[in-house]
Amino acid sequence: MLKIFSILIGFILITFSCKAETEDFPEEEKQKEIVKESHHPFLIVKKEQFQELRQKAASEPWKSMKEDAISRSKNGSKTEAYDLQDYVGAAALAYILEDSNAKVHAQRVRDAIVNQYSKIRVEDGGDWGGVVPPMGSFFVAILALDIVYDALTSSEIERCEEVISTQIFKINRKGSWADIRRGTHGAWDIYKGDRTTPDDDYFNGIMVQITNDGVSPVTNHYAWERVGGGDSRVSKSGYMDVLEFTGIDKRYYNNERLKKFHRWLFGSSVNCAKEMAIFGDMLPTQGINNDMLHRRVGNFDEEAAGYAAWFHEGRPAIGHILTYILPKSALPEPVVPSSQFYENGGAFFREKEDDPNGLHGVLYNIKSQDEWHTHNEVNGLALSGLGNRLLVNGGRLGEPTRAAALNNTLTLNGENHKSRLGGGIVEGFTTSQLDFACGFSGPALTGSKHYRNLLLVHGNEKAHGYFVVMDKVESNAGNVVKNYIHPANETTVTEISANLEYEAEIDHYPTVPGTKLTIFYATLAEAVHVEKVQSAVPDRYPNYPDHNRLESVYPVDSEGKRNLVTVLFPSDAEHPKAGFQRIQGDGFNVSTVTLNEETDYIFESEGVSKVQVAGHSVQAEMALFRQSGFWFVRNGTHFSSSDTGFESNVPVTVYLNGKSGAIVTTGGIIKLNGPGINSVQFDQDVEVLETGDNLVEVKLGKGTFYFN
C-alpha cells in the first residue's frame, strides 16, 4: 500500500513539474521542446554579430532605425504583402536589438508567418500581383525566420516553414518575372541547405540587365525596381546579398559592371529634381521610393554611395533587417552627380549646381541587351528642367507598340526603327559650360545613318541653360526625315511661327506648375504636325490622358543627306524665355538665342566653304558660339573671331572657353589661337609642332583631348 502511495505522489509531482515548465508558452505548444542552438541565423547575419549590431545603435543612423524597428514591431501589421515584409523585417531587427524583449519580437515574426503569410494570395497564372509582390515579401519572411530561429520551438519552426514552403511553391521556379522566382526560391534553397553552389541562372539574369558600361538597357523604371532593389520586388536584387554573405556566390559586390550600374543609377539616371529620366516602358507618375536595399549600395561602390546619400538626403531609413544589417557602413557625405556619357548606354548631362531646377539631358543609345520593356528609341531624348520632366514618350507601351514615332527620336518616312539597338555614343565631352555627345543609329536605320548631337548649354549669372539638338542624316534620295518631340503637354501647343517656333505648357503630370518649353526649329521645317498621341496602352490604362507630339518634316537632298538643328528652351516665371531669330544665309542657316543681352549664334551648313557670321568666320557643319564667351564647332576645319579660333587639316570638333577646352578628332594637325593659348597643358601626351604669341599647333592622334 505504501509503495502504491509513493508511486502516486511521484506521478503527481512529475505532472506538476511538467506543467510548470510549459505554462509560459501557447497552449498548443505545451508538448514541444525549445529548439537547441542551431546554425541559424546564417543568411545575412550570424548570432556572434548581434552584440556588434546592438552597439551600433548608440549613434545615428542606427539609433533611429532601432527605435523605428521596435515601434513597427509593437504596432503590428496589415495583411498586404508590402506591409508584411516591412513588419517582419522590423520585428526580426527588434529581436536582435532589444534583447530584453527578444522572445516577444520572435513570436511576432512567427505569428505573422503562420496567421498572415498563410493568407496572402499567391497565384502563378500571368497575374503580376499574384507573383511578384508576394514572392518578394516571402523573401523577407525567410530572412526573418532565419534570424529568430533559435527563439522558437521545433513545432513553431515546422509550422512557419510549412507555410512558406506551401505558399512559395505555388509559384514555379521558371516563368515570367524570372528574377523574383530565382531570388525567393534561391533564398529558400539556401535556408534549407539545398543550394551550396553559385547560382548561374540568377547571375546571368542580373548581368543581362546591365550594359558593360553600367547602363540599364531595359527602361529607367525597371532599372530601379529590379537590379536597383525596389521594395516591391525585393528578392530580385536582395538574393545577391544572401549569396554574398553565405559565401556561396561572391560575384556581386566586387563586380565592375554592378559598381558602374550603381554609379549610373544614383548619379545619372535621375534628374536634378531627383526624378527618373523617362525612357522605355514607364509613366511620369512613377517615382522612386525610399527603398530598403538602397542603403547597402556602399557594399558595391563608395562613389555610388555618395550619390545615394545625395539622392536620399533628408530621408531616414526605416528600421529593418535590410537597412540595418546589410550595409557595411552608413551612407557617406552626399556627393552631387555630374555629367557623364557611356559608349553603351547614352549621354546623361546635368548642370553642375545642386539645384532641383537644374537641367538634365539624356541622349539614350544602347548597343546591346534590349528586352520586352525597351522602346524603339535609339538616339531618343529625355529632357528635364525647372523641376519637371520636359519630354515624355509613349509611356507604358509593351509589345508590339513601341514604335519610334512614339518616342523622342527621328525616322525615315515615318517607318519604325529596324532595331531597338543603336551604335552607342561615338563622341563626347563634358565641361563646366557645355556638354556634348554624339549618338549613332547603328542597326536602327538599315542602309542609312543618323548622328544625333546633344548639347547642354549650362546657365550662368547672365543667361539660363538650354538644349540644342544637331542631327545629321545620311540616307537615300527621295526619303523624308521625320523628327519627333513629345513635350509633357496634354492641352495646347501654341504655334508662334509656322514651322519655326512652338510653345508647350508642361501640364502632363507636372511636378512644378508654370513651366513652358519652347521648341525652335533653327533649321526651318517643311511642315510641323501637332497631334495627340497615346501616353500608355489604352487597354491597360483606359483613362490615362494622351499628350501632344510635334512631328517636323525635312526632305533629304539629292544625295540623301540632311542636317537639322533644334533648340529646346525651358522657361517659367523666374527663368524668362529667350528671344529667337532665324537668318537665312547663302548655303548656311544661322539662328540667335538672346537672353539678358547675351546672344548665342547657332550655325548649320554643309561645311564646304568659309562663311561670315556676325563678325565670325566659320567652316563647319554646325557651330554654337556666344558673342561674349565660348565657342563650339562640330565637324569643322576653321573658326575665327577677333582674337580666337582654330585651323585644322581634317574636320574636328572643338570647344573653347577662355583657355580651357576640348578637341575630338580622328587624328590630325590643329592650330589654336587665343589669349594665353600657347601656355595650355593637354590631359595626355601630344606632339607640339609650333608655339608663338597666343598660338599653339599640335599633332593629335585619335581621341578626345582636354586642355587648359
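User: In this predicted model, where is His373 found?
Analyst: The model is predicted, and the position of His373 is given by the strands on either side of it. Strand E3 covers 360–365 and strand E4 covers 380–385.

User: Is His373 buried or exposed?
Analyst: The relative accessibility of His373 is 9%. A residue counts as buried when this value is under 20%. His373 is therefore classed as buried.

User: Which side chain makes a polar contact with the side chain of His373?
Analyst: Leaving aside neighbours within four places in sequence, His373 is in contact with several residues, including Tyr222, Arg226, Asp281, Arg396 and Arg402. A polar contact requires a pair of N or O atoms within 3.5 Å. At 2.9 Å, the side chain that makes such a contact with the side chain of His373 is that of Asp281.

User: How many of the residues of helix H13 are buried?
Analyst: Helix H13 spans residues 302–311 and is mostly covered. Among its buried residues are Ala304, Tyr307, Trp310 and Phe311. The buried residues of H13 pack against helix H10 (220–225), helix H12 (256–267) and strand E2 (345–350). Of the ten residues in H13, the number buried is eight.

User: At the start of H13, which residue has a side-chain oxygen that reaches the backbone nitrogen of Glu303?
Analyst: The contact lies at the start of H13 and involves the backbone nitrogen of Glu303. A side-chain oxygen reaches to within 3.1 Å of that nitrogen. The residue that supplies this oxygen is Asp301.

User: Which residues touch the most other members of the largest nonpolar core?
Analyst: The largest nonpolar core holds 145 residues. Helix H6 (residues 128–148) gives the most to this core, with 13 residues. Leaving aside neighbours within four places in sequence, Ile147 is in contact with residues including Pro41, Phe50, Tyr95 and Ile321. The core members that touch the most others are Ile147 and Ile321.

User: What is the omega of the cis peptide bond that joins His40 and Pro41?
Analyst: Most peptide bonds are trans. The bond between His40 and Pro41 is cis, and Pro41 is found in the loop between helix H1 (2–22) and helix H2 (50–56). Another cis bond runs from Glu60 to Pro61, with omega near 5 degrees. For the bond that joins His40 and Pro41, omega is about -10 degrees.

User: Is Tyr202 buried or exposed?
Analyst: Tyr202 is found in helix H9 (residues 200–207). Not counting residues up to four places away in sequence, Tyr202 touches residues including Arg182, Ser235, Met240 and Tyr252. Because its relative accessibility is 0%, Tyr202 counts as buried.

User: Which are the edge strands of the open sheet formed by eight strands?
Analyst: The order of the eight strands is E7-E8-E9-E10-E17-E14-E13-E12, and their pairing is antiparallel. An edge strand pairs on one side only. The edge strands are E7 (425–430) and E12 (493–497).

User: How many bridges join strand E9 to strand E10?
Analyst: Strand E9 covers residues 449–457 and strand E10 covers residues 466–474, and they run antiparallel. Within this pair, Lys449 stands opposite Glu474 in E10. The number of bridges that join E9 to E10 is nine.

User: Which residue of strand E16 stands opposite Val480?
Analyst: Strand E11 (residues 480–485) is joined to strand E6 (residues 410–412) by three bridges. E11 also pairs with strand E16 (residues 547–555) in the antiparallel sense, over six bridges. Opposite Val480 in this pairing stands Pro555.

User: Is Glu597 buried or exposed?
Analyst: Glu597 has its place in the loop between strand E19 (588–595) and strand E20 (598–605). Its phi is near 70 degrees, a positive value in a residue other than glycine. The relative accessible area of Glu597 is 80%, and a value over 50% counts as exposed. Glu597 is therefore exposed.

Notes: Residues numbered from 1 in each chain as written. Heavy atoms only, no water. Core = buried A, V, L, I, M, F, W, Y, C linked by side-chain atoms within 4.5 Å. Buried < 20%, exposed > 50% of the residue type's maximum accessible area, 1.4 Å probe, protein only. Helix = DSSP H or I, 4+ residues; strand = E, 2+ residues; numbered from the N terminus. Contact = heavy atoms within 4.5 Å. Pairing = 2+ DSSP bridges. Polar contact = N/O pair within 3.5 Å; in protein donor to acceptor, adjacent residues only side chain to side chain.
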